[in-house]
Structures are given as C-alpha cells and as structure tokens.
Amino acid sequence: MENLKPVLEMVDVKKSYFGNQVLKGVSLKVMPGEIHALCGENGAGKSTLMNILFGMPVIHSTGGFEGEIRMNGEVIDIKTPRDAMKYGIGMVHQEFMLIPGFTIEENVKLNREPLKESILGKFLGEPMKNLNRDEIRKDTQAALDQLGMDMVPADKVAGLPVGYMQFVEIAREIDKRGVKLLVFDEPTAVLTEGEAERLLAAMRALADQGIAILFITHRLDEVMAATQHITIIRDGAFVKYLNTADTNVTEISALMVGREVEVIERAKHHEASNEIVMEIENLEVNMPGEMVKGVNLKVEKGEILGIGGLAGQGKIGIANGIMGLYSATGKVTFEGKEVALNNPKAAINAQIAFVSEDRRGVGLLLDESIAFNIAVPAMQNQGKFLKKYGPISLMDQAAITENANKYIEELDIRCTGPNQNVRRLSGGNQQKVCIAKALTSEPKIIFVSEPTRGIDIGAKRLVLDTLVKLNEEEGMTVVITSSELAELKSVCDRIAIVTEGKVVGVLPASESDAKFGLLMSGITEGMEG
Amino acid sequence: MFKNKKFNIKEFLSENAVPVVFLTLSIIFVYYSGTQPAIIMNDVVARFARNAFFVLSLLFPVLAGMGLNFGIVVGAMAAQIGIYTALALELSGLPAVLLATVVCIPFALLFGFLSGWLNNKTKGQEMLTSMFVGYFAHGVYMLLFLFIIGGIIPINVYELVLPSGVGARSSLDLTQIKGALDSIVKVDLFTFVFILAALSAVITVANTIKNKKLDVTKTVLTVALVVVGVAGNTLPALSMFKRVVKVPVVTYALIGILCAFISMFFKTKLGQDMRAVGMNMEIAEVSGINVNKTRITANMISVVLSAFGQIMFLQNLGTLSTYTAHQNVGMFAGAALLIGGASVTKATVPQALLGTFLFHLLFNVSPLAGQNIFGSALIGEYFRVFIVYGVIALAIVLHAAKKASGKK
Ligand SMILES: Nc1ncnc2c1ncn2[C@@H]1O[C@H](COP(=O)(O)OP(=O)(O)OP(=O)(O)O)[C@@H](O)[C@H]1O
Ligand SMILES: [Mg+2]
C-alpha cells in the first residue's frame, strides 16, 4: 500500500457561500481500491467538499472554490459534472438525482445510452442514432442483479419506495465503465439495515476491482465495518486522518463533535394504562418492498411505542398506510372515530402527524425560509401563526420566527438564522426542519419513521430527547418506527415487532435482546400477539 | 385488489376532458351552423393541411421543457423572407416554393439559435420570453421590409415594392405559387382513404413479418379504412363528400413524413436528451447532458419546421400580407395543441393532429353557429378569439398551479 499513489488528493480546499466560509482548508487523500470514510457532523461540509469534486453547478454559480484537486498525482480542473465524469469520478448524491418521469433503465443509462444505427443516424450522425433499448435493459438488469435487487427495469421511478430509488442511483454508478473513484454521499440514510448490508457488500466488491470509494455516513458501525481509512472534518476544518483498524466508534464521534457524546437515557417511563388512543385493525398496505398484510395493533394514550423488525417486513408500511400515502385497506380508529384511509387529508385533520422515512422527497419548500417551512402545516391545518383582521388573516411573522428559533436551538439546526432558505442547509439539517415541522403542528399522535437517519451522532440524542420531552410534557403519543433496536429500546415503552407484514408480538422495551431476536425471526410460541 | 386496470369511462373522460369538451362543442356548432357537413369538411381538410406543421413544430420545445414556443413566429418571418426572395427572382410554381424553402432555412436556423439562446438566459420564463421575441422580431422585420427592401437592396419587380420604390407592398399576390404543393395531386376524400388503407396494409404486413405476430390493432385499422373507402364510393348518403372534399395528397404526405420523423426523433439519443432536459434540467446537467445546447437545438428545429409550415400556409392561401401574416402563428398553434389535450409540458403527435383538426373545425363553424344560435355572427367571432386566448391562459395558469404544488 505504501508505495501506491493516491487516486485522489484534495489539498487545502476552501469554499465560501455568500460570505459564509463553510470549508476552511480541508485535505483528503484516497488510495486506489480502498473504502474511505468521510465523517463529520451535520453541516460540517462533507457534501460541499464532494460537490466541489464533482464540479456541481451550485459551487461554480457561487464563486467557485480555492484549493487543488489531484488525480493520480496530476492536478486537474473540474468545472462541470461532465469534467468529473471524464476523469472517472462517479457520485451518488445526497439528494436524489433521478428523473421521476423516466423508467429505472432510462435513469440508470441517462446520457450513457448504448446506441444503434437508425435511418436518421445514417444521415445526421451520432446524436440521431437510436437508443438500443435491448442493451439498456440488459445492462440495467445486470447492475440490479449485481446489487441483488429484484426490480423491473421498465418501471417508472416515480412511486418507488426511497430505498429502491437509492439502489437505482447506485446501479447507475456501478454500471459506469472506467470509473476510478465513486462517491457515496449518505447512501444508507434511506436504507433499511438489510439493504444497507447489501450495499456495503456491493461496495466491497467494487473496491476489490480497484475502484476507490469515498463513503459518507452517520452510522459509525458502517464506518467500522467497511472502511480502511477515515477523514474527519469539523466545522469545515480538517481534524484527523485515521486508520480504521486503530480506532473505535467512541473516538470517531468525539473527534467529530469535539466532545464526549453521552448515551441516551430516559428519565421517566409511561405507566401502562388501558386507555387506547388508536386501534389498528386488519390493516393491509400496498407499499412495494414493505407490504403490510393484516396488522392489528393498539396504541395506548401517552406512550412511546416502537415498531421494529427486519427490513422489508412491512414495519415502514404501517405509518405510510395510515397517513394515506400508499393504498390501504382495513380499519383505523383514533380517539373513537374512524380515520378514512387512502386520504392524507383525513389523517392530518385528525391531528395525526408523520415524519416520513423519505425526508429527501417530501415536504420541504426549498426556496422558502426555515421559519416558514416549520410553520406551514400548523398554519394551513390549524390556523396557527395567523393574525385575524376581520375577514383578512395575515401571517404572524414574530410568532413564526420565535417558534423557529425554539426548534433551531432544541434540535441544533446549523444555520445562519431562521430566515435562511432551506435549500442552503446541509442534508441532515434539512431533516431536522422536517421534524420541527411535524412537531409544530402539535399533533395528538406522531408517527416518526427512522427519526435519526442521516442525522449525526450528536444530534441524534437531541432529536430523541425532544420526542421524549414532548411525550412527557404535552402527553403526546409517539410511535417510532426504526430498524435500530437499540434506539427503540432506549426511548420506547413497548416495542411491536413486525414480521412478514404482521405484528408478531409486542414486548416491553426492557425485554432482553434475545426475545426480540426470536420474534424477528418469526418464532412466536408462548407470546401474545 | 388495489389497482384494477380495466377501462374506466370516468378516468378516460377526466384524462381527456379538454378534447372531449371541444369535440362536443364542435358537433353542436356543426349542427347549428346549418352548413353542409361536406363543405365544412372540405374547408377543414385544407386548413388542417396548412396548419399542421406549426402545431407539430411545437412538440420539440414542449418536450424540451420550454413550454409553448410562441417564438415560432420568427420561423414564419424566415419563410416570408424566402417567399419574397422567390418573388423578387420572378420564380413561380414549385421552383418558387423550393427556392423559398432553401432560402428560409439559414434564416430560420439563425433566428432559432438566437431565440433559443435568449430562452437559456431566462430559464423558467420561456413562454414569456418567446412572446417578446416575437414582438421584437416583428420590429426588426418591419425595418427590413419597410426600409431596407428597395432602400438598400434594389428590387426590380414593380409589384413587390411600394410606388415610392422603397419598402415592400403590404399585400402581395401569390397567384403564381398558389397551390404549388396542394395542386400537384388532388384526390377525392375516399380515394385518399384508400391510399391510407394501402399504406396501413403495408405497415401491418411489415410489422407482422418483423415481429412474427399479427399486429391486431393495425389490421383492424386497415380493414376499417377499406370499409370507409368502400362505403364512401357506394353509399349515396356520402356522395356529397366524394364530390366536394378534395385532399391535397402531397401536402398530407409531407405532414405524414413529419409525424414519422418526430416519432423516430424521440427514439434517438438527442430525442432522449431533450426529454431528460424537459423533465429536469438540473439532473440532466449533472448527468453530463449539455442542457443549453440541447434546448437551443430543440428551438432551432421548431423554428425551421414552422418556417416550412408558413411556406405551406402561404402556397395554400395565395396572398401574403407582408406585415401581418406571421403574427398569430404562435398563438393559434399553441391553442390548437392544447385543445388536442396536450399540456405545456407534455404533448404527443396524435394530440397535435387531433388539436389541429378540432381547432380549425371550431374556427370554421363558430361564426355561422353564432349567427344561428344568438342571431349575431360577431358572437361566434368573439368566441373563436376567446377560445384561443382562453385556452392558452388556462393552460398557463394550470401549469403554474401545478409547479407551485409540485414544490411541496
Ligand atoms: N447552496 C448553499 N448555499 C449556502 N450555504 C450552503 C449551501 N449548501 C450548503 N451550505 C452550507 O454549507 C455548510 C456545509 O453543508 P454541507 O451540506 O456540506 O454539510 P454536510 O457535512 O454534508 O452535512 P449533512 O451531514 O447534514 O449532510 C452548511 O452550513 C450549510 O448551511
Ligand atoms: Mg451532506
């Protein structure tokens, strides 16, 4: 390894956005065939650094950057994504870069379509050659097979579950020939654990072929499991270059955050009551990849209920079905009244809130301020933050700002202030805005799917704490869906385990991991359902 | 259990609401106009032939995400420059049309490039930009025809210039090229149907051989065409149609070729790039597609096609109002496309053809229908203006609303 030349070096890179210096001299070195982790808190500048590497328009429309990029020792100049691709750089962006109206195969092969001769092409040359649809299908199928994904290449991307979309992007990157360096910007943030493992396996296979991989993730166990080296940045500044073998999760998180990170503990537990606030009967949800096949579940008033289970078993589908985002059948009763299914408005009117696992696709007005985004649902559905002057109602700017400030502090949203546009936030901080938004509408019950995905290890605690606090102080019922059992156990009162689309058991959070493990594997003997 | 893909009348109606409404309206108007359907048909056949190119030319900018390109008026201006050149060289008939076509191409390419470039500077506002491009180009065009023609470029043909010798006449007689394309071959409606049937049969056989499977829909279509043809030639009720309706075969053949070109085009690499750019510019750019170049190309193709369209239009009409002939081209074509059920972001060849047909049918019958229903032809006249602007305004509002809700 020692005498190999690095594929990529980024030297003393600096970048300012509108006078706000977000990178203050970061250096990075990646060896061929290695998986290299880039770690840092939300807003540390990871995506910005990668955007520079990929020549993204957002960098060059805001004054470019300072510093040097070298590939195989040679200084290169990357001004557009086209340049980056020419040098063999591929990238899975943090936000989706897929065209929803196109099919999976059209997206995978976008601008790299195999061509074949056509009548027009004979006269007018290359651009008028026909797409070779057979080849497109074949290559796409091969890439999907390599990832072990069972998807139909001719399906439209619109309407796919997020995890699938992520795999479409990954399929696109691994299908590229002549790639020397692949960047994955938080690819696992929207994946279930099982899917994430599949992805890590695919990444290892690529690295074995000599492709260098830059991997950004907030799941430090993935960093430990998959990478050889780690670069840590904090607040736009380089902190440390580590050998993965010589470090551990505690050290990484301390370096990222700049202090020790405490373990979450919950002060007071909910007393088991028999007051049922929501009853779910025979719920079936048609969510591809997360099919729900007849769930019966009772949610107690004021509790924090966890929904866990392995990937693809249907736990994600439950909340999506209740909220009317995927077609569903069955009966859901909330506070004695039936909630109409397949009707998102009905759920919202019943004061049921939802933080989707798909935070990248849902709900943010990117060109509006943080404050406005947080206030919108409460304003639209409950008339909050409005001042009435006779028939006219105006927005109460002061109240909106105050509310935003509260959440900026509580959730540690890294921004220049409540009036900053959401587009200019880092991915993780955008997710915090989503959570603040759901909380502001003061729901009676809130469904939170994967609350800490894509959120750094320090902020994770803040988010969970906020949920616990609202539960204790406002008596809000919370239902958390998560694939991390440890996370559920640390905050929930009871945990329901979903297997094969059904609830196979509900256990107190204090039960042993072994019992949960048995449930997840589908062994239900001796337990009530 | 969740989705049944059966044919659903309600869904069909709601998805095709616009053409259905206009079709119903047309039928009512045809009835009230009190005109022989055969006579209406003959007029619509001619109008369709002279307008289809404009409407089809709009498909490129729509699919490339630039909306209705009202800027195709610059194509019409290029065509008028071509025609004027042909007249100045005292050509007539087909040679005049061919020369006009050759002359208009470089102008159309240039105009298309410039307006496309401007569109790239004002992304998101293309429809507005293209409208202003039209106004601006009109000014330049006036300058050319009022002062430069005869003033700087000498014109020796007396009928083409004002008596002062400077500036083109405002109304030019195109008798010498009238029907240069249309009159090459003209057949009656049902002979034309037979030609279509023959074509359809050839395609069906070719498809069947290629796919080794009988192409059922095309077979049915062929048989239907034959039946219509036979009926038209034998049934006395249709004899009026046979006598009155004359179809300009060459013009329709050109339209057919354009339709084939468009559907082939969108199977090519460039066509795919255009669709990608139309759906999402940012992602297209990040995928390495040259967004600006693709958009300019789409605009140039559209302007060239509309120039061809204007030549076809003028050879049918037989007169040229030098200073106004181009003016409504963009608006009318846009309205026709929308009536066919297209939106400003999505359009297909069948929608363009259906829209052209419905639009011109309504255009033909609304004055008389207005006269007979309300006792005033003016109401019918207002109505057609209302259709054009109303439909366009509605489409733009719907588009804006969709864009706003799409952001959420
Ligand atoms: N387009 C933009 N305009 C202005 N500021 C921006 C823009 N994009 C990012 N920033 C700012 O740059 C800083 C770094 O953001 P970046 O997206 O690189 O963070 P990150 O490390 O990727 O975080 P995360 O883990 O949350 O994705 C943040 O403070 C963010 O607010
Ligand atoms: Mg990021």
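Let me start with accessibility: a residue is called buried under 20% relative accessible area, exposed over 50%, and partly exposed in between, with a 1.4 Å probe and protein chains only. By that rule Phe18(A), at 55% relative accessibility, counts as exposed. Phe18(A) sits in the loop between β1 (8-17) and β2 (20-30) of chain A; helices (H or I, at least four residues) and strands (E, at least two) are DSSP runs, numbered from the N terminus. From Phe18(A) to Glu41(A) there are 23 residues in sequence and 21 Å in space, C-alpha to C-alpha.

Two remarks on conventions. The model is predicted, so local features need pLDDT of at least 70 and side-chain atom pairs count only at pLDDT 80 or more, while totals for chains, interfaces and linings use all residues. Residues are numbered from 1 along each chain as its sequence is written, chains are lettered from A and ligands numbered from 1 in the order in which they are written, and side-chain values use heavy atoms, with hydrogens and water left out.

I turn now to ligand 1. How many residues surround ligand 1? The shell holds 21 residues, and the closest are Ser47(A), Thr48(A), Arg424(A), Ser426(A) and Gly428(A); a residue is near a molecule if one of its heavy atoms lies within 4 Å of it. That shell divides into six nonpolar, 11 polar and four charged residues. Here Ala, Val, Leu, Ile, Met, Phe, Trp, Tyr, Cys and Pro count as nonpolar, Asp, Glu, Lys and Arg as charged, and the others, Gly among them, as polar.

Among the elements of chain A, α1 (46-53) and α15 (427-440) each supply at least two residues of the shell.

Consider next the polar contacts, that is, pairs of N or O atoms within 3.5 Å. An oxygen atom of ligand 1 is 2.7 Å from a side-chain N or O atom of Ser47(A). On the backbone side, a polar atom of Gly43(A) is 2.8 Å from an oxygen atom of ligand 1, and a backbone N or O atom of Arg424(A) lies 2.7 Å from an oxygen atom of ligand 1. Taken alone, ligand 1 exposes 640 Å², of which the protein buries 91%; these areas come from the Shrake-Rupley method with a 1.4 Å probe.

Which residues coordinate the magnesium ion, ligand 2? They are Ser47(A), through OG, and Gln94(A), through OE1, at 1.9 to 2.0 Å. Donors are N, O and S atoms within 2.8 Å of the metal (3.2 Å for Na, K and Ca), and since water is not among the atoms, sites may look incomplete. Ser47(A) belongs to helix α1 and Gln94(A) to the loop between β6 (89-92) and α4 (104-108) of chain A, so the pair ties together parts that are 47 residues apart in sequence. Gln94(A) counts as buried, because its relative accessibility is 9%.

Finally, the backbone. Most residues other than glycine have a negative phi. Asn282(A), however, has a positive phi near 50°. Asn282(A) is placed in strand β13 (residues 276-285) of chain A and, at 46% relative accessibility, is partly exposed. Gln351(A) likewise has a positive phi, of about 60°. Gln351(A) is in the loop between α12 (344-349) and β18 (352-355) of chain A, and its relative accessible area of 23% makes it partly exposed.

Conventions: A polar contact is a pair of N or O atoms within 3.5 Å; within protein, one must be able to donate a hydrogen and the other to accept it, and residues adjacent in sequence count only if both atoms are side-chain atoms.
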